[in-house]
Amino acid sequence: MTSLLYPPKPSPGDRIAVISASGGLPELLPLPYELGLERLRKEYELEPVEYPATRRMGSTPQERAADIHAAFADPAIKAVIASIGGDDQITVLPYLDRELIRANPKPFFGMSDNTNLLAFLRNSGIVAFHGGSVMGELGRPGAMHPQTAESLRAALFTSGPYELRPAERWRDIDRDWADPATFEAEPETRPGTGWTWVNPDQVVEGRTWGGCLEIVGWLLMADREIARDLSEYEGGVLLLETSEEMPSPAEVHRTLRNMGERGLLQRFPALLMGRPKTWFFNRPNTPEEAARYASDQREAVLRAMRDYAPDTMIVFDVDFGHTDPQLVIPYGGTVRVDGPARRITVTY
């Protein structure tokens, strides 16, 4: 693919589609969802539009594909945002009409299981946006993290360069979304730790690909939305981050090793590795356990990269994954990683 299109941006007052192309969790957990819709209206001045599967668990892949088609085909809809992720969006891909979507390009915002749709859009020639979901980011208790809010606003409404900054404060410990008390105060955060750079003696500017590591692995297993000609990724910036399922360091290494065996890792002279989530309800790690998990994951990444792409520049703990804040990164769009200056600039 020689070029990708940045679709036209919405303006305040426009209608934005809210879809559940993965899990219909707004049905089960309405509190963060309704809060997210309210912030879309009041803070971003956008009018959310829902679809038949948006608030329904158990919708079929065909029904979710129909919602995606309706959102993209409607000329009154100026952007599309995911309610949240899930774990089976890969089953929706075969039902998507690539020509319909290509003929109606719109900004799409989502991450996690929405890596499937991000990869589909990139292969359709459309730049999408990794980050921003109604429940996880817009529905954050108390208030949106200011760095998330600023990044999302810039990605929604502006075009051009935007410099990412290390998180001033961050968190990965959640509270129960079903409990109204959760939304009475902001979550506790801790001071930022900055980014960690490896091979920072170069400047790389290229188009992004990747996403949630687990979903990238599934796409590779199913052989879906992976370019046949790997030169498509040559010179690009690889984005990888892990989910709340907290895959073991061994699994992270094996996935990267298989990407290396396929010839993928070698194509990317820069890798942005998202800050790993180290706590979830079924694995409430102590601070010491969390630090050990993050360290072991970093070593797993380094081991694979040393074997297959030893010269690749790596930046660890960039805030674009399942932790808070969440910086929006254009998917298929341009990112400049300046090692000597320790700067990351995206193009919205």
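How many aromatic pairs does a search of the whole structure find? I counted a pair where ring centres of Phe, Tyr or Trp (its six-membered ring) lie within 6.5 Å, with planes under 30 degrees apart taken as stacked, over 60 as edge-to-face and the rest as tilted. The search returned nine aromatic pairs.

Entry 1, basis. I worked on a predicted model, in which local features need pLDDT of at least 70 and side-chain atom pairs count only at pLDDT 80 or more, while totals for chains, interfaces and linings use all residues. Residues are numbered from 1 along each chain as its sequence is written, and side-chain values use heavy atoms, with hydrogens and water left out.

I took helices (H or I, at least four residues) and strands (E, at least two) as DSSP runs, numbered from the N terminus. For accessibility I used relative accessible area, with buried under 20%, exposed over 50% and partly exposed in between (1.4 Å probe, protein chains only). Trp-209 is buried at 2%, and Tyr-233 is buried at 1%. I then turned to Phe-280 and Phe-281, whose ring centres are 5.2 Å apart and whose planes stand at 65°, so the pair is edge-to-face. Phe-280 is partly exposed at 24%, and Phe-281 is partly exposed at 45%.

I noted one aromatic cluster formed by Phe-109, Phe-129, Tyr-162 and Tyr-348. I also searched for charges over rings (NZ of Lys or CZ of Arg within 6 Å of the ring centre and within 35 degrees of the ring normal). The charged end of Arg-153 sits over the ring of Tyr-44, 4.4 Å from its centre. Arg-298 lies over the face of Phe-316, at 5.0 Å from the ring centre.

I defined a core as a set of buried Ala, Val, Leu, Ile, Met, Phe, Trp, Tyr and Cys residues joined through side-chain atoms within 4.5 Å. The largest has 54 residues, and those touching the most other members are Ile-19, Ile-68, Phe-108, Leu-121, Trp-209, Leu-256 and Met-259. Helix H9 (residues 287–308) contributes the most to this core, with six residues. A second, separate core of 42 residues includes Val-18, Leu-152, Met-313 and Leu-327.

I found nine of the nine residues of H4 (residues 115–123) buried, so the helix is largely enclosed by the rest of the structure. Leu-121 is one of these buried residues. Leaving out residues up to four places away in sequence, Leu-121 touches Phe-72, Ile-101, Phe-108, Ile-126 and Ala-128, contact meaning heavy atoms within 4.5 Å. Just after H4, Gly-125 takes a positive phi of about 85°.

Four of the five residues of S15 (residues 334–338) are buried, so the strand is largely enclosed by the rest of the structure. I took strands as paired if DSSP finds at least two bridges between them. Five bridges join S15 to the antiparallel S10 (residues 203–212), where Gly-206 stands opposite Val-335. Four bridges join S15 to S16 (residues 343–347), also running antiparallel, and Val-337 has Ile-344 as its bridge partner. S15 and S16 form a hairpin with four residues between them, and Arg-342 in the turn has a positive phi of about 55°.
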